[in-house]
Amino acid sequence: MKKILLQIRNLFFPKMTKQISDELDRNSLKNIRVISLVTLVFEVGGMLISIPEYDKMELRVLHSVIYCILVSLFVFLFAHLSLKHELNNHAVITSFSVIVSLMYVVWGMMVSYLHYIEEEQILTFFTVIIAVMCFVVIKPYIMSLIMTTAFVGFWVVMDRFDHCQQINGFNYFTMLIVLVTGEVLLYANVFKRTREKQELKALMEQIKNDYTKQELELSNTRIKLMQTSMKPHFIFNMLGVIKALIWEDRDKAARSINDFSVYLRSNIDAIESDEMIHFDDELKHIKAFVALEATDHSGLDVDYDIEVDNFFLPPLTVEPIVENAIVHGVSKNKADKKIIIRSREEKDQFVVTVTDNGPGFDVDNVKERVGIKNVRARLEHKCKGTLQLESDQHGTIATITIPKKGGIK
């Protein structure tokens, strides 16, 4: 007996998370919007067809139709705007659903009473109750209270005015029990499907997160391997350059040693840590690399148009782009080796662009380099950022976007 009572309680008062509650609310708003639109179309159409035939005795029916049209219009607009603006207030949506149910029930009672006075069947009332039950899926105890109040209220009205001469009490209240039971079972089914949907969504999100984490780890490993494989060549080359500068220009050699130190420190930090870094730190790394490259590439001109630097991004995000612009871009020019690095702030994101005047390449047909792939993957996994490349015979523009949600700490 206790188990049965517990099951009944769970049917009428199901326990739910906020996610399930929000999903049920959205479904209710969608269903309310559908039923109100259908009702609006049918009532307006019926009124336009029938209005020429109404006489004074039937104006009361016309009044109920106009009431239904106004109610349906209000309900449709509220539900539509709530969905459009993503209203997630459970108390407001539940209250609205209750009001909608009551307004439609009142309309059904009006029409049914008018039909009953004319000695017609009272099917309209039952139809409205069934419609509400099928489309406005709110908590069972609330809907059960609405239905019971509506049925008892209608019975009282009929008893007061006509002593219920044409209503079979047993059949009438049996219909109430059937409808309440149907509403409870319907809600239980919708609740179960919604819960399963949320559990599946959570499971898929967990799988996605695990997969993303593995992809990120793989991407980081690829970058570290790439850095490790490239470092000896670059180190030996720069040591040779600095050795020569010591004999030719000791001040320049000292500056190169300092730049070399900053560059190596930044690379080592990026290998040892995977945390987001400040854009200003990335700029220091870039400037150190550019200064070192300038010793080998005469005529290299790099401009910095930095409007904003107070955001974070994955380490080694812009530096590989600049490196590509030098090694595979402007280095092919005999003169006028121009690179411009810009940053700006937009409404929802930070934007960094690297522009060069190299010979360009066919973005669609040239295989993307490993460094570019890694930058793109790290942007996506770490902060939902993007990297876009545009290139023609006049040069290449690399555009990096960092969403503010992912680029602010």
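How many salt bridges does the structure hold?

1. The structure, which is a predicted model, holds six salt bridges. One of them joins the side chains of Lys338 and Asp301, with N and O 2.9 Å apart. This pair links distant parts of the chain, since Lys338 belongs to strand S4 (residues 337-345) and Asp301 to strand S2 (residues 300-306), 37 residues apart.

2. Lys338 also forms a salt bridge with Asp303, and here the closest N and O atoms are 2.4 Å apart. Because Lys338 lies in strand S4 and Asp303 in strand S2, the pair ties together parts that are 35 residues apart in sequence. Asp303 counts as partly exposed, at 32% relative accessibility, and Lys338 is likewise partly exposed, with a relative accessible area of 23%.

3. Strands S4 and S2 are linked again by Arg342 and Asp305, which are 37 residues apart, and whose side chains meet in a salt bridge of 3.6 Å, N to O. As for networks, salt bridges that share partners join Asp301, Asp303 and Lys338 into one.

4. On the surface, Val34, Leu37, Val38, Val41 and Phe42 form a nonpolar patch, with about 460 Å² of accessible area together. Val41, which lies in helix H2 (residues 18-50), counts as exposed because its relative accessibility is 53%, where exposed means over 50%.

Key
Residues numbered from 1 in each chain as written. Predicted model: local features only at pLDDT ≥ 70, side-chain atom pairs only at ≥ 80, totals over all residues. Heavy atoms only, no water. Patch = residues over 30% accessible without salt bridge, like charges linked within 9 Å, V, L, I, M, F, W, Y side chains within 5 Å. Areas by Shrake-Rupley, 256 points an atom, 1.4 Å probe, with all protein chains shown as cover. Salt bridge = Lys/Arg side-chain N within 4 Å of Asp/Glu carboxyl O. Helix = DSSP H or I, 4+ residues; strand = E, 2+ residues; numbered from the N terminus. Buried < 20%, exposed > 50% of the residue type's maximum accessible area, 1.4 Å probe, protein only.
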